Amino acid sequence: MLKLSGVTKFYGRFCALDGLNLNISEGALFGFVGPNGAGKTTAIRIMTGILYPDSGSVTVGGMEITEDPLRYKSMIGYVPDSFGVYNNLRVGEYMRFFAACCGCDGRDADRRTEHLLKYVGLEDRTDFYVEALSRGMKQKLALARALINDPPLLIMDEPTSGLDPRTRFEFKQIIEELSDQGKTIIISSHILNDISELCTDIGIIDQGSIVISGRLMEVMRVVTAENPIIISMAGKMTQAIRFLKQENDVKSMAIKGNDIMINFSGSPKAEADLLKRMIDSGIPVRSFSREKGSLESIFMQLTGHGEEHTASSYDATESNY
Amino acid sequence: MLMMVVNAILFVVGLAGSSSIILSMKQNYNMNYGAFLRVYQSVVLLDYLLILFIAPVFTAGSISGERERGTFDLLLTTNLTTTDILLEKLASAVISMSMVAVSGLPALLVPLMFGGVHIQSVIFLLLIMMAEAVLALSIGMFASCIGRTSVRSIAIAYALTAAVTAGPVILAAIIGAFVPAGQNRSVILFAVDPLLPVIAILLDQIGESRELEVLFRLFKGMPDSGFLRHAALISVLTQAGMSFGFIMCALISIMPQKSLIRFRRRKVEKEESSGYNG
């Protein structure tokens, strides 16, 4: 649906995007995350057609932005991090104004306005001034506005930040519904919990280029492949430690209560083999699994803070071997 | 509100001037029609200065205000191009400004209650004033595009308007101080001054067109008779060109066209270089 190939953008001498490559498939709910100053906003502005790259190509549905900018833009709905509202307009007027800007007016605009305001739950606020709306309502209005020309691609910058838990929940439900309707949705957010709850795909950007991208589960699997294995024991701890110490693939070991955490450098087959031999040796293994990484830990690991995170996680161990 | 304030000022000046002439007429039993024309002259110039003062504000906040609200990016994601946005905002400001100018017409006519200038001439002068206001609006629009905030844009707009209005006069005065009488060619720069066409037409209306020559002589300048005869037309055309220039500069200064041009140029350069290599 959306493809960025070798996109570069300079602000003077500062390189904001350095050959950014991104491929977002149709119908994906894509989480776009990165630390502050990583180039997220620049990338989003380029995706929406607000900004043009210095080099590289951007295509939506196979169409490059330079071919027909207006048709390109008509395929995208954009919800910025600031609401982007005219406070002196009424909710209905605001919607009809943007409908007219998108080339939809008259009864069609009225019909779309009515439908979308109902969809986001603002149908009883049509005659309210925008400035009288709460933050959550303004965000819903911004979403309704972005959908005014029924775009197949929706780009949202920090959509749930600053919202109360209820509004955030409602907002997430709307996003899920839109995704179920087949829309491709890109969400840029610092709230990694929301991203991991909502998104099917993820891309992590750092210093102007994509560090990792793909299906969320796959990314988590790849990144957590080097996480320590946690072996929960039902007794015979000393025997288990002695056994593990003899294994060449076990690089280090830490113990916390009845759990033994090992850094294992072997293949998945060697991992399975280790478990089998432990059981055959009569060591009572209750569970044997890789430590599950959260999106937050992956983010920290991939954006240059991994060492700090690792250190802090090992601080929690009782003793190290 | 703005219209009311402008018209109130004009009416006060016009009525006060006319009343004082009528009162002195009652005392002297002497009808001085020229005095009414001078009041008319003052009211027109005041109206024009007010228009020049107000006009930049109408447009100076148009683009920078959108940026501050965060709505400019949203407008760029619609079917509107930056040219559409700019020209439509300019058109809206021209209409608002025209309303202010036209609503001042009755106030301009107050000192003419005993005649002296035909109403068609006054309307013509008003049209010239509105045309001149377009220059101030274009300056405001340019300032709005280059200024990050509305306050900064307004400051830039006033600085540019002041430079265009007072700049040629100051320059001519400085150069005039160092050259002999009749040798100051810089007075031709008055053509860029928005005050010149209105002053020229006004002097012509009240039958004092030779005063324009006196004005040039004051700065030790003596432009040819063709320039003097068509000073208003030359000035209006020059300023129309300047307005166009400011609008073009405003358009170029806004994203994303600026980047698009650069992007396309780089792409063409890249294709050409790869073609040569191939």
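Start with the contacts of Val33(A). Leaving aside neighbours within four places in sequence, Val33(A) is in contact with Ser189(A), Leu192(A), Ile195(A), Ile202(A), Ile204(A) and Phe299(A). Contact means C-beta atoms, placed from the backbone, within 7 Å.

A word on the model. It is predicted: local features need pLDDT of at least 70, side-chain atom pairs count only at pLDDT 80 or more, and totals for chains, interfaces and linings use all residues. Residues are numbered from 1 along each chain as its sequence is written, with chains lettered from A and ligands numbered from 1 in the order in which they are written.

Back to Val33(A). It sits in strand S3 (residues 29-33) of chain A. Strands are DSSP runs of E, at least two residues; helices are runs of H or I, at least four; both are numbered from the N terminus. Is Val33(A) buried or exposed? Buried, because 27 other C-beta atoms lie within 10 Å; the cut-off for buried is 20 or more, and exposed is 12 or fewer. Ile186(A) is 153 residues away in sequence, yet 10 Å away in space, C-alpha to C-alpha.

Next, the chain contact. Here 18 residues of chain B are in contact with 23 residues of chain A. On the chain B side, helices H4 (72-76) and H13 (257-277) each supply at least two residues. H13(B) gives the most, with five.

Last, Ile51(B). Not counting residues up to four places away in sequence, Ile51(B) touches Met97(B), Val100(B), Ala101(B), Met129(B) and Ala133(B).

Methods
Two residues are in contact if their C-beta atoms, placed from the backbone, lie within 7 Å.
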